[in-house]
Amino acid sequence: MMKNMLNVIRRNRYIYSLFIFLTVMAIAVVAYAGSYVANRRSGIFHYSGCRYVYRMSERNKEYYSDREDCIDDGYRPCKVCRP
């Protein structure tokens, strides 16, 4: 009886952990795919998760939610992350 109860607890813990992991990954995918960061100085825009975004000065960053808006404002896509 006790062994069966421990198996149920372990299974529930596994399911809960898997649910949390998948939720966090879904949020990350939506955030990554749905937002762009443009560099005012270089004239290039990136996905928010691009390695070059972390190197930008905060004062040079401009945030967009639509790719077409970036292009309309004169920014070109990054050649690394290819947004």
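Which residues form a nonpolar patch on the surface, and how much accessible area do they have together?

Guide: First, a word on the source. This is a predicted model, in which local features need pLDDT of at least 70 and side-chain atom pairs count only at pLDDT 80 or more, while totals for chains, interfaces and linings use all residues. Residues are numbered from 1 along each chain as its sequence is written, and side-chain values use heavy atoms, leaving out hydrogens and water.

Now the patch. Tyr14, Ile15, Leu18, Phe21, Leu22 and Met25 form it, with about 620 Å² of accessible area together. (Patch residues have over 30% relative accessible area and no salt bridge; nonpolar side chains, Val, Leu, Ile, Met, Phe, Trp or Tyr, are joined within 5 Å, and like charges within 9 Å. A salt bridge is a Lys or Arg side-chain nitrogen within 4 Å of an Asp or Glu carboxyl oxygen. Areas come from the Shrake-Rupley method with a 1.4 Å probe; for residues, only the protein chains shown count as cover.)

Take Met25. Its place is helix α1, residues 2–34. (Helices, H or I of at least four residues, and strands, E of at least two, are DSSP runs numbered from the N terminus.) Met25 has a relative accessible area of 40%, so it counts as partly exposed. (Buried is under 20%, exposed over 50%, partly exposed in between; 1.4 Å probe, protein chains only.)

Next, the sheet. Four strands make an open, mixed sheet in the order β3-β1-β2-β4. Strands β3 and β4 (76–77) stand at the edges with a single partner each, so one side of each lacks a neighbour in the sheet. (Strands pair if DSSP finds at least two bridges between them.)

Strand β1 (residues 36–39) pairs with β2 in the antiparallel sense over four bridges. There, Val37 faces His46 in β2. The two strands form a hairpin with four residues between them, and Gly43 in the turn has a positive phi of about 80°. On to β4: strand β2 (residues 44–47) pairs with it in the parallel sense over two bridges. Ile44 has Arg76 in β4 as its bridge partner.

Lys61 sits in β3 (residues 61–64). Lys61 is buried, because its relative accessibility is 13%. Leaving aside residues up to four places away in sequence, Lys61 touches Val37, Ala38, Arg40, Val53 and Met56. (Contact means heavy atoms within 4.5 Å.)

Last, Arg82, in the segment after β4. Arg82 is exposed, at 64% relative accessibility. Arg82 has a positive phi of about 50°, although it is not a glycine. Most residues other than glycine have a negative phi.
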